[in-house]
Amino acid sequence: MILEVKNIEKAFGRKPVLKDINFLLEPGSITGIVGENGSGKTVLMEIIVGVKKAQKGKVHINGKLGYCPQKAMLFSHLTVKEHFDYFSIAYELDKTQSKLRTEELLDHFNFGKYKQERIINLSGGTQQKLNLSLALLHQPNLLILDEPYNGFDWETYERFWNYTTTLKNQGCAILIVTHLLSEKVRLDRIYKLENGILV
Ligand SMILES: Nc1ncnc2c1ncn2[C@@H]1O[C@H](COP(=O)(O)OP(=O)(O)OP(=O)(O)O)[C@@H](O)[C@H]1O
Ligand SMILES: [Mg+2]
């Protein structure tokens with residue numbers, strides 16, 4: 001298994017958000033998480049990646065993690081290229097790998113022309129392309145994607161799914177928070193987060 005989530009419980013003050021969350025992700029799978037606004041999807045993703053702590057339960061990750069947060073965490077005064085460089089260092093990619101992956105992603109998501117632009121000058125969709133690309137940069141085998149295509153145009157959206165399907169075929173386990181019912185066919189499994197449990 002690439003991801004094991006066991007008996008996760010989380011409350012904010014006296015308000016329980018997650019009550020008893022259990023699931024596994026196997027290699028080469030795409031799993032969707034749906035649920036109404038405020039049901040706890042983002043909190044669950046943040047617990048899995050270690051941004052938030054659960055009061056109870058365990059998360060076990062077997063491999064390299066890539067995380068695309070719902071709210072992009074980008075540095076407004078750095079350029080696109082500087083983000084790729086910065087994350088390459090964090091992921092310990094060497095210069096050749098970093099350059100290759102950067103060019104591949106800029107090309108695949110069609111935003112190479114913004115390479116030297118600062119984040120403050122970019123459109124929302126282009127910022128989201130970067131947010132997603134940074135999660136993919138180090139070729140993770142577990143991808144946690146929290147509404148990753150917010151603001152994508154139609155072609156980018158299609159390219160996103162082509163990319164994810166290729167990763168799945170290479171053995172990557174993908175967990176994706178989505179609101180789009182039209183995506184059902186692309187997913188191997190769908191969980192609904194309702195009243196703090198997955199159904
Ligand atoms: N730091 C926090 N302090 C208090 N409550 C919080 C905190 N973070 C999240 N919550 C609450 O936890 C609940 C779940 O929030 P979460 O962001 O996980 O929802 P979501 O399912 O991702 O919603 P959306 O579809 O709008 O993205 C909400 O009621 C939210 O107000
Ligand atoms: Mg959310």
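In the predicted model, a polar backbone atom of Gly38 lies 2.8 Å from an oxygen atom of ligand 1. A further contact to an oxygen atom of the ligand is made by Val43, through a backbone N or O atom at 2.9 Å, and Gln70 places a polar side-chain atom 3.0 Å from an oxygen atom of ligand 1. Taken alone, ligand 1 exposes 640 Å², of which the protein buries 64%. The surroundings of the ligand comprise 14 residues, the closest being Asn37, Gly38, Lys41, Thr42 and Val43.

Helix α5, which spans residues 154-169, consists of 16 residues and extends 23 Å from its first C-alpha to its last, close to the 22 Å expected at 1.5 Å a residue. Within α5, the residues Thr156, Tyr157, Phe160, Trp161, Tyr163, Thr164 and Leu167 are buried. Viewed down the helix axis, the buried residues of α5 fall within an arc of 160°, and they therefore line one face of the helix. The cover over these buried residues includes the strands β3 (29-34), β6 (142-146) and β7 (173-177), together with the helices α3 (95-108) and α4 (124-136). On the face of α5 that is turned away from its buried side, Trp154 and Asn169 are exposed.

As regards the ends of the helix, the N-terminal end of α5 is capped by Asp153, a side-chain oxygen of which lies 3.3 Å from the backbone nitrogen of Glu155. Beyond the helix, α5 is followed by Gly171, a residue whose phi is positive, near 105°.

How values were computed: Residues are numbered from 1 along each chain as its sequence is written. Chains are lettered from A and ligands numbered from 1 in the order in which they are written. This is a predicted model: local features need pLDDT of at least 70, side-chain atom pairs count only at pLDDT 80 or more; totals for chains, interfaces and linings use all residues. Side-chain values use heavy atoms; hydrogens and water are left out. Helices (H or I, at least four residues) and strands (E, at least two) are DSSP runs, numbered from the N terminus. The expected span of a helix is 1.5 Å times one less than its number of residues. Buried means under 20% relative accessible area, exposed over 50%, partly exposed in between (1.4 Å probe, protein chains only). The arc is that of the directions from the helix axis to the C-beta atoms. Contact means heavy atoms within 4.5 Å. A polar contact is a pair of N or O atoms within 3.5 Å; within protein, one must be able to donate a hydrogen and the other to accept it, and residues adjacent in sequence count only if both atoms are side-chain atoms. A residue is near a molecule or strand if one of its heavy atoms lies within 4 Å of it. Accessible areas come from the Shrake-Rupley method with a 1.4 Å probe; for residues, only the protein chains shown count as cover.
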